Amino acid sequence: SLLQAGKSPSPMKMATGEKGKSIKVVRKLRQIFIALLITFLSLTACCSASYLFAQDQDVEALYRRSVELLEEYEGDTAKLREAQQCLERILAADPNNALAYVGLARVQYKLGYINYDNYDAAKLQKAYEYISKALEIDPRLFEAHLARSYVYLFQKAYGNAKYALGEAGKIRPDSPDIRLVRANIANREKN
């Protein structure tokens, strides 16, 4: 309108008009940036959750496989080594997985079996250390107390085995595993 009248706008009015446009552009860019940031963070959270879910699935599968191998063990140390590898992979993903430490303890005392009721003392000590780590992570882990009772049983420390079994019984009093270990202790105490 000023230009049509033959008058040129004052530099102040031009600066104010350009400044207003600049402010609008900056506001619009800020809104776009915030929207992109929110989208990015949402996608990152979603992908992280998916990754963690997949990782949890892998850990569960590895744990199930290790238990299967330990239960199938009949003297074939290759199965124990494979179980150990599964458990070590779990701990690489989650160093605070108490069940994996219990699994490693079971590997050790099975590897330590010599004959009859004779076990390698060093393997039993290593098993005890793994169980201690598991109990440090989760003091109420039934499997850790049960495994500790087995280690004491194999060390012929029957009083300690009964105590560890009592701790397991406080957590799962109706477990058939408790009756099994108790019977093993009674049988060995007779001999």
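**Entry 1: terms and ground rules**

I take a contact to mean heavy atoms within 4.5 Å. The model I am reading is predicted, so local features need pLDDT of at least 70 and side-chain atom pairs count only at pLDDT 80 or more, while totals for chains, interfaces and linings use all residues. Residues are numbered from 1 along each chain as its sequence is written, and side-chain values use heavy atoms, with hydrogens and water left out.

**Entry 2: Gln108**

I looked up Gln108 and found it in helix H3 (residues 98–111). Helices (H or I, at least four residues) and strands (E, at least two) are DSSP runs numbered from the N terminus. Is Gln108 buried or exposed? Gln108 counts as buried because its relative accessibility is 8%; buried means under 20% relative accessible area, exposed means over 50%, and partly exposed lies in between (1.4 Å probe, protein chains only). Leaving aside residues up to four places away in sequence, I listed Gln84, Lys123, Lys126, Ala127 and Tyr130 as the residues that Gln108 touches.

**Entry 3: the whole chain**

I noted 7 helices and 2 strands in the protein. Read from the N terminus, the order of elements is α-α-α-β-β-α-α-α-α. Of the 191 residues, 31% are buried. I took contacts between residues at least 6 apart in sequence, and 52% of these join residues at least 24 apart. The protein exposes about 12600 Å², with 57% supplied by carbon and sulfur atoms. Accessible areas come from the Shrake-Rupley method with a 1.4 Å probe, and for residues only the protein chains shown count as cover.

**Entry 4: salt bridges**

Side chains of opposite charge can pair when their charged atoms come close. I use the rule that a salt bridge is a side-chain nitrogen of Lys or Arg within 4 Å of a carboxyl oxygen of Asp or Glu. By this rule I count 10 salt bridges.

I went back to Lys126, one of the residues that Gln108 touches. Lys126 forms a salt bridge with Glu129, and their closest N and O atoms are 4.0 Å apart. Lys126 and Glu129 are 3 residues apart in helix H4 (residues 121–137), so about one helical turn separates them. Lys126 is partly exposed at 33% relative accessible area, and Glu129 is partly exposed at 40%.

Which residue does Lys133 pair with in a salt bridge? The partner of Lys133 is Glu136, with 3.7 Å between the closest N and O atoms. Lys133 counts as partly exposed at 29% relative accessibility, whereas Glu136 counts as exposed at 60%. Salt bridges that share partners also join Arg65, Glu68 and Glu82 into one network.

I noted one further pair, Lys79 and Glu72, whose side chains meet in a salt bridge (3.3 Å, N to O). Lys79 is partly exposed at 25%, and Glu72 is partly exposed at 34%.

**Entry 5: surface patches**

Patches are made of residues with over 30% relative accessible area and no salt bridge; like charges are joined within 9 Å, and nonpolar side chains (Val, Leu, Ile, Met, Phe, Trp, Tyr) within 5 Å. I found a nonpolar patch of about 380 Å² made by Val25, Leu29, Ile32 and Leu36. Ile32 lies in helix H1 and is partly exposed, with a relative accessible area of 42%.

Lys21, Lys24, Arg27 and Arg30 form a positive patch. Lys and Arg count as positive and Asp and Glu as negative, with His and the chain ends not counted; the place of a charge is NZ of Lys, CZ of Arg, CG of Asp or CD of Glu. Lys21 is in helix H1 (residues 11–72) and counts as exposed at 60% relative accessibility.
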